[in-house]
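I opened my notebook to look up a few side chains.

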Amino acid sequence: MKIADSESIKNGERDLINAITGDIDRGNIEEIFKDKFDLGIRDHLEYKQGDIVVHDNQIAYKLDFEVKITVSVLCDRSGNYLSLTTSEVVPELPEEIPSTGPDVYPRESIFGS
C-alpha cells in the first residue's frame, strides 16, 4: 500500500541535496583536499551529484565533486621517471643532469649556451 507519492519524495531529496551543496564552504573542501592529498585545487572544484546514504549507521550526504589539477611528470631522455608535481609545487632542477648513458647530451648542445 503506497502512502506517499514517489516523485514528491525524490523532489524533496533533490531539494535537500541542492540546499546542502548551495551552502557548502568550498574553502573548507579545498583545505580538506590539500591536507589529505597535499594538492591545491583553486577554482577547479565542480559539484557533480549528491545522494543520501547510510554511513556508520547514520544518515549522511554523499556529495560528488570533480577536481581538476595540472600534473607535471618529469622524465629523463631515457624515459626514466624523475618526479611528479602539480602546479602548486614546483621542484628545483638539479644543476647537473645525471648521465644515464650515451643518449644523454649536455644541455648546451640542444638548448644553446
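**Notebook: rings and charges**

Tyr 47 is partly exposed, with a relative accessible area of 23%. I note that the model is a predicted one.

I looked up the ring partner of Tyr 47. Tyr 47 and Phe 65 form an edge-to-face aromatic pair. Their centres are 5.8 Å apart, and the planes make an angle of 70°. I put this down as edge-to-face because the angle is over 60 degrees. The pair links distant parts of the chain. Tyr 47 sits in strand β1 (residues 45-55), Phe 65 in strand β2 (residues 58-67), and 18 residues separate them. Phe 65 is partly exposed, also at a relative accessible area of 23%.

Next I checked the count. It comes to two aromatic pairs. Phe 33 and Phe 37 form a tilted one, with 4.9 Å from centre to centre and 50° between the planes. Both residues lie in helix α2, four residues apart, so about one helical turn separates them.

Is Phe 33 buried or exposed? I found Phe 33 buried, with a relative accessible area of 17%. That is under the 20% cut-off for buried. Phe 37 is partly exposed, at 46%.

Then I turned to charge. Which residues form the negative surface patch? I listed Asp 23, Asp 25, Glu 31, Asp 35 and Asp 38. I followed up one of them, Asp 35. Asp 35 has its place in helix α2 (residues 26-37). Asp 35 is exposed, because its relative accessible area of 62% is over 50%.

Key: Residues are numbered from 1 along each chain as its sequence is written. This is a predicted model: local features need pLDDT of at least 70, side-chain atom pairs count only at pLDDT 80 or more; totals for chains, interfaces and linings use all residues. Side-chain values use heavy atoms; hydrogens and water are left out. Patches are made of residues with over 30% relative accessible area and no salt bridge: like charges are joined within 9 Å, nonpolar side chains (Val, Leu, Ile, Met, Phe, Trp, Tyr) within 5 Å. Accessible areas come from the Shrake-Rupley method with a 1.4 Å probe; for residues, only the protein chains shown count as cover. A salt bridge is a side-chain nitrogen of Lys or Arg within 4 Å of a carboxyl oxygen of Asp or Glu. Lys and Arg count as positive and Asp and Glu as negative; His and the chain ends are not counted. The place of a charge is taken as NZ of Lys, CZ of Arg, CG of Asp or CD of Glu. Helices (H or I, at least four residues) and strands (E, at least two) are DSSP runs, numbered from the N terminus. Buried means under 20% relative accessible area, exposed over 50%, partly exposed in between (1.4 Å probe, protein chains only). Rings of Phe, Tyr and Trp (its six-membered ring) pair if their centres lie within 6.5 Å; planes under 30 degrees apart count as stacked, over 60 as edge-to-face and the rest as tilted.
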